[in-house]
Amino acid sequence: MTSRTVTLLDVARAAGVSKSTVSDALQGSGRVAAATRDRVRAVAEELGYRPNSAARRLRRSSTGAIGLHLPRTATRLDYYMNLAFGAVERAQEEGFDVMLLAPTGVAGGGGSSDSAGPTSPSGTTSPTSPAGAASPANGPIASRVDGLLVIDPEVDDSAVPGLLDAGVPVVTGERYLGPTAAPTGAVICDNAASLTALLDHVTERGARHPAVLAPAGTSAWATALRATATSWARERGVAVALRTVPFAATPGEAEETTLALLRTDPSVDAVICAPDGAAPGVLRAAATLGRPVGPDAPPAAAPRARTATDALPRTPLLIASCVDGTATRSAEPPVTAVDLRPAAYGRACAELLCDILAGRTTPDTVRRHAWALETRAST
């Protein structure tokens with residue numbers, strides 16, 4: 001059946017069921033036995049059936065779109081761009097466009113959606129209002145989307161309570177730690193475990209006094225990293241120098257913080273940098289202070305002390321990052337990092353929202369997303 005469009009009736013005949021049963025099985029609605037639903041979906045996939053998204057939207061009064069709310073730092077971070085592409089790709093497979101709800105600055109890493117340019121995969125945009133708020137021209141966000149994805153929600157992001165109470169299903173990427181309504185579902189990473197793995201790794205490679213440049217802010221990710229650095233130090237009996245940097249610290253900000261740290265506490269022998277893309281700044285600080293990077297790097301010869309910097313030790317420094325990306329992979333030397341698999345994470349968030357909208361899973365579903373530790377020359 002490759003010469004023409006496969007219809008619901010074609011699937012019904014091949015599966016030996018009624019057309020209405022096929023419709024219910026594919027949409028996750030009605031009372032269809034699990035075995036029948038699985039058989040219908042297998043037949044539909046084998047025949048190459050693709051739902052008529054326009055007709056489907058009319059039948060269920062669907063807008064055919066989902067909203068995506070990202071932190072205000074997203075436009076300059078590799079991680080969020082990859083995550084967004086993954087979410088759009090998965091949403092398209094279900095016939096949904098994605099409206100990007102553009103945030104503006106408020107305190108913390110996230111931001112309230114002062115204005116937004118909803119963006120579909122085709123690239124069309126139109127003006128909109130604060131996320132979750134009503135606009136005389138466009139109406140509330142719930143009238144324009146079937147559901148919402150809210151990534152790394154911060155407690156002090158003033159847009160989040162309105163999004164959670166918008167009247168449509170909401171899936172968050174990471175838990176929301178605020179006091180308002182809980183999301184319909186969530187996809188979470190074990191951020192405590194990923195930082196624990198990094199700290200264990202650098203100590204196994206010889207570090208005795210690691211430092212963590214942890215992110216500021218009230219997201220679950222930032223909160224977990226700060227708490228984990230403290231608890232790991234207590235449980236292992238190892239001193240950890242904890243410094244707080246902006247949620248999306250630039251390489252320059254990371255360099256400045258690292259220079260101050262190593263000048264104040266030259267016994268630090270490993271620096272774990274949390275923010276995406278900031279690790280090259282740590283490398284520059286190490287170079288400025290003559291600290292060779294890597295466990296096998298020989299100590300640099302100290303010049304005759306003319307300045308305070310000249311008098312600092314030139315012992316090797318291990319460097320790692322809590323977020324992998326282009327900056328860590330292309331650095332010299334390449335930097336050990338946690339690969340959070342952002343494109344797959346975006347897909348997982350969109351998939352959960354689609355499953356909730358189609359009735360394939362229940363509200364309050366929490367799914368876990370796997371990360372991987374990528375060890376490189378810097379450790």
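This report describes the fold, cores and selected helices of a predicted model.

## Basis and overall make-up

Local features need pLDDT of at least 70 and side-chain atom pairs count only at pLDDT 80 or more, while totals for chains, interfaces and linings use all residues. Numbering starts from 1 along each chain as its sequence is written, and side-chain values use heavy atoms, without hydrogens or water.

The chain holds 12 helices and 12 strands. These are DSSP runs, numbered from the N terminus: helices are H or I with at least four residues, strands are E with at least two. Of the 379 residues, 50% count as buried. Buried means under 20% relative accessible area, exposed means over 50%, and partly exposed lies in between (1.4 Å probe, protein chains only). Among contacts with a separation of 6 or more, 65% join residues 24 or more positions apart. A contact is heavy atoms within 4.5 Å.

## Nonpolar cores

The largest nonpolar core has 50 residues. Such a core is a set of buried Ala, Val, Leu, Ile, Met, Phe, Trp, Tyr and Cys residues joined through side-chain atoms within 4.5 Å. Leu 70, Tyr 80, Leu 149, Leu 195, Ile 272 and Cys 322 have the most contacts inside it. Helix H12 (residues 342-358) gives the most to this core, with 7 residues. A second, separate core has 24 residues, including Val 245, Leu 262, Ala 279 and Ile 319.

Cys 322 has contacts beyond its neighbours within four places in sequence. Its partners there are Leu 195, Leu 198, Trp 221, Leu 225, Ile 272, Cys 273, Ala 274, Val 338 and Leu 340.

## A parallel strand pair

Strands E1 (residues 65-69) and E2 (residues 97-101) pair in the parallel sense over 5 bridges. Pairing requires at least two DSSP bridges between the strands. Gly 67 has Met 99 as its bridge partner in E2. From E1 the chain crosses through helix H5 (residues 78-93) to E2, in a right-handed β-α-β crossover. Right-handed here means that, with the strands pointing away from the viewer, the path from the first strand over the helix to the second runs clockwise.

Helix H3 (residues 34-47) has 14 residues and reaches 20 Å from its first C-alpha to its last, close to the expected 20 Å. The expected span is 1.5 Å times one less than the number of residues. Thr 36, Val 40, Val 43 and Ala 44 of H3 are buried. They cover an arc of only 100° around the axis, so they lie on the same side of H3. The arc is taken from the directions from the helix axis to the C-beta atoms. Ala 35, Glu 45 and Glu 46 are exposed on the other side. Gly 48 follows H3, with a positive phi near 80°.

Val 22 lies in helix H2 (residues 19-27). Its relative accessible area is 0%, so Val 22 is buried. Not counting residues up to four places away in sequence, Val 22 touches Leu 8, Val 11, Ala 12, Val 17 and Val 40.

In helix H9 (residues 251-264), Ala 254, Glu 255, Thr 258, Leu 259, Leu 261 and Leu 262 are buried. Their arc around the axis is only 170°, which puts them on the same side of H9. Glu 256 and Thr 264 are exposed on the other side. The buried residues pack against strands E6 (210-215), E7 (241-245) and E8 (270-273), and against helix H10 (279-288).

Pro 316 lies in the loop between H10 and strand E9 (318-321). Pro 316 is partly exposed, at 22% relative accessible area. Its C-alpha is separated by 5.5 Å from that of Arg 291, 25 residues apart along the chain.
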